[in-house]
Amino acid sequence: MRKTALVLAAASLAACGHYERLDTTHFNQTPTGFEFRAVANPDHPLDDPTAESWRTNFLENYLEANHLCPNGYSIRERVPTLVDHAAAGDSYDIRYEGTCR
C-alpha cells in the first residue's frame, strides 16, 4: 500500500512538471536558430538563479528530446517583458534567442 502511494505521488509530480512546461514555455525554430519563451512570476522570479536554472532546464530538455543542438547552444539575447504587475509580484514573458553550436 505504501509503495503504491509513493509511486502515485512520484507520477503526480512528474505530470505537474510536464503540465508546467506546456503551460509556461514555448519553442520555435527560426531561420537563424531558435526562440524560446518562458515565464517569470512570483514563484519563479526574473533574476533568481534557481528559477533561471528551472527555465533553461526546460529548454535543454526540449533540445535533447527533439535532437536539436547536439553540440550545445548559445543564447544571443534574453529579453524579459513585463506582462503583469500585481501585489503578489511581477510576471514576465522572457524571450530567449539562441543558436546551435
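1. A polar contact is a pair of N or O atoms within 3.5 Å; within protein, one atom must be able to donate a hydrogen and the other to accept it, and residues adjacent in sequence count only if both atoms are side-chain atoms. By this criterion the side chain of Glu-52 makes a polar contact with the side chain of Tyr-96, at 2.8 Å.

2. On the basis of the values: this is a predicted model, in which local features need pLDDT of at least 70 and side-chain atom pairs count only at pLDDT 80 or more, while totals for chains, interfaces and linings use all residues. Residues are numbered from 1 along each chain as its sequence is written, and side-chain values use heavy atoms, with hydrogens and water left out.

3. The sheet. Helices (H or I, at least four residues) and strands (E, at least two) are DSSP runs, numbered from the N terminus; two strands pair if DSSP finds at least two bridges between them. Four strands form an open, antiparallel sheet in the order 1-2-4-3. Strand 1 (25-30) and strand 3 (73-86) each have a single partner strand and stand at the edges, so one side of each has no neighbour in the sheet. Direction ignored, neighbouring strands of this sheet are turned by 15° against each other on average.

4. Strands 1 and 2. The pairing of strand 1 with strand 2 is antiparallel and runs over six bridges. Asn-28 stands opposite Glu-35 in strand 2.

5. Helix against sheet. Helix 2 lies across strand 1, strand 2, strand 3 and strand 4 (89-100), at about 145° to strand 2. Contact here means heavy atoms within 4.5 Å. Axes are lines fitted to C-alpha atoms, for helices over the stretch in contact, and angles run from 0 to 180 degrees between N-to-C directions.

6. Asp-48 is found in the loop between strand 2 (33-40) and helix 2, and its side chain reaches the backbone nitrogen of Thr-50 at 3.2 Å. Asp-48 is partly exposed, with a relative accessible area of 28%. The classes are buried (under 20% relative accessible area), exposed (over 50%) and partly exposed (in between), with a 1.4 Å probe and protein chains only.

7. Glu-52. This residue is in helix 2 (residues 49-65) and is buried, with a relative accessible area of 19%. Leaving aside residues up to four places away in sequence, Glu-52 touches Leu-46, Arg-78 and Tyr-96.

8. Salt bridges of Glu-52. A salt bridge is a side-chain nitrogen of Lys or Arg within 4 Å of a carboxyl oxygen of Asp or Glu; a search of the whole structure finds seven. One of them joins the side chains of Arg-55 and Glu-52 (3.0 Å, N to O). Both residues lie in helix 2, three residues apart, about one turn of the helix. Arg-55 counts as buried, at 0% relative accessibility. Glu-52 also forms a salt bridge with Arg-78, where the closest N and O atoms are 3.1 Å apart. That pair links distant parts of the chain, with Glu-52 in helix 2 and Arg-78 in strand 3, 26 residues apart. Arg-78 counts as partly exposed, at 31% relative accessibility.

9. A salt-bridge network. Arg-76, Glu-77, Arg-95 and Glu-97 are linked in a network of salt bridges. Within it, Arg-95 forms a salt bridge with Glu-97, with the closest N and O atoms 2.2 Å apart. Arg-95 is buried at 17% relative accessibility, whereas Glu-97 is partly exposed at 22%.

10. Aromatic pairs. Rings of Phe, Tyr and Trp (its six-membered ring) pair if their centres lie within 6.5 Å; planes under 30 degrees apart count as stacked, over 60 as edge-to-face and the rest as tilted. The whole structure holds five aromatic pairs. Among them, Phe-27 and Tyr-62 form a tilted pair, 4.3 Å centre to centre with 35° between the planes. Phe-27 lies in strand 1 and Tyr-62 in helix 2, so the pair ties together parts 35 residues apart in sequence. Phe-27 is buried at 13% relative accessibility, and Tyr-62 is partly exposed at 32%. Phe-36 and Tyr-96 form a tilted pair, 5.6 Å centre to centre with 40° between the planes. This pair links Phe-36 in strand 2 to Tyr-96 in strand 4, 60 residues apart. Phe-36 counts as buried at 2% relative accessibility, as does Tyr-96 at 3%.

11. An aromatic cluster. Phe-27, Phe-34, Tyr-62 and Tyr-73 form one aromatic cluster.
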